[in-house]
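Here's a quick briefing to read with the model open in your viewer.

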Amino acid sequence: MIRILIAGQASAAINLVNDGSFESAPVGNNTWTVLQSFSGWQTLSGAGIEVQNNVAGKSSHGTKHVEIDSHNNTTFYQALTTALNKQYT
């Protein structure tokens, strides 16, 4: 799971990453698919984001994970809004 949390105050942490464990990707159980985008994630280069649901290994969080060399090497990203001089964990 990918998380970037705001450090500082004792209040609850705010997760800046949308769907860091890829669980909202529309992929059925025991299947996989290649998507150009979903839940804030965007393909930058390559065939797309291969999301697997209980396929080819165990996910570290939830049931889904991505493979970054799907049909070819793939680059994907999520733009995060951050603040100048603020620490993130």
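Predicted model: local features only at pLDDT ≥ 70, side-chain atom pairs only at ≥ 80, totals over all residues.

**The overall layout**

- The protein has 6 strands and 0 helices; both are DSSP runs numbered from the N terminus, with helices being H or I over at least four residues and strands being E over at least two.
- Reading from the N terminus, the elements go β-β-β-β-β-β.
- Of the 89 residues in the protein, 29% are buried, where buried means under 20% relative accessible area, exposed means over 50%, and partly exposed is in between (1.4 Å probe, protein chains only).
- Among contacts with a separation of 6 or more, 46% come from residues 24 or more positions apart; a contact means heavy atoms within 4.5 Å.

- Aspartate 19 sits in the segment before strand 1 (31-35).
- It counts as buried because its relative accessibility is 15%.
- Setting aside neighbours within four places in sequence, aspartate 19 is in contact with Ser24, Ala25, Phe38, Ser39 and Trp41.
- The backbone of aspartate 19 is worth a look too: phi is near 55 degrees, a positive value in a residue other than glycine.
- For background, most residues other than glycine have a negative phi.

- An open sheet is built from 3 strands in the order 2-3-6, with antiparallel pairing. Its edge strands are strand 2 (37-38) and strand 6 (75-77), each pairing on one side only.
- Strands count as paired if DSSP finds at least two bridges between them. Strand 2 and strand 3 (residues 41-45) have 2 bridges, and strand 3 is joined to strand 6 by 3 bridges.
- Glutamine 42 of strand 3 stands opposite serine 37, and its bridge partner in strand 6 is tyrosine 77.
- Strands 2 and 3 make a hairpin with 2 residues between them, and serine 39 in that turn has a positive phi of about 40 degrees.

**The nonpolar core**

- The largest nonpolar core has 11 residues: Val17, Phe22, Ala25, Val27, Leu35, Phe38, Trp41, Ile49, Val51, Val66 and Phe76. Such a core is a set of buried Ala, Val, Leu, Ile, Met, Phe, Trp, Tyr and Cys residues joined through side-chain atoms within 4.5 Å.
- Tryptophan 41 lies in strand 3 and counts as buried because its relative accessibility is 6%.
- Tryptophan 41 and phenylalanine 22 are 19 residues apart along the chain, with 8.9 Å between their C-alpha atoms.
- Valine 66 touches Phe22, Ile49, Glu50, Val51 and Phe76, leaving out residues up to four places away in sequence.

- Glutamine 52 belongs to strand 4 (residues 49-53) and is buried, with a relative accessible area of 3%.
- Its side chain makes a polar contact with the side chain of glutamate 50 at 2.7 Å. A polar contact is a pair of N or O atoms within 3.5 Å; within protein, one must be able to donate a hydrogen and the other to accept it, and residues adjacent in sequence count only if both atoms are side-chain atoms.
- Beyond four places in sequence, glutamine 52 is in contact with Thr31, Trp32, Thr63, Lys64, His65 and Glu67.
- Alanine 56 is in the loop between strand 4 and strand 5 (64-67). It is exposed at 64% relative accessibility, and its phi is positive, near 55 degrees.
- Serine 59 lies in the loop between strand 4 and strand 5, but is buried at 8% relative accessible area.
- A polar atom of the serine 59 side chain lies 3.1 Å from the backbone oxygen of lysine 64.

Note on methods. Residues numbered from 1 in each chain as written. Heavy atoms only, no water.
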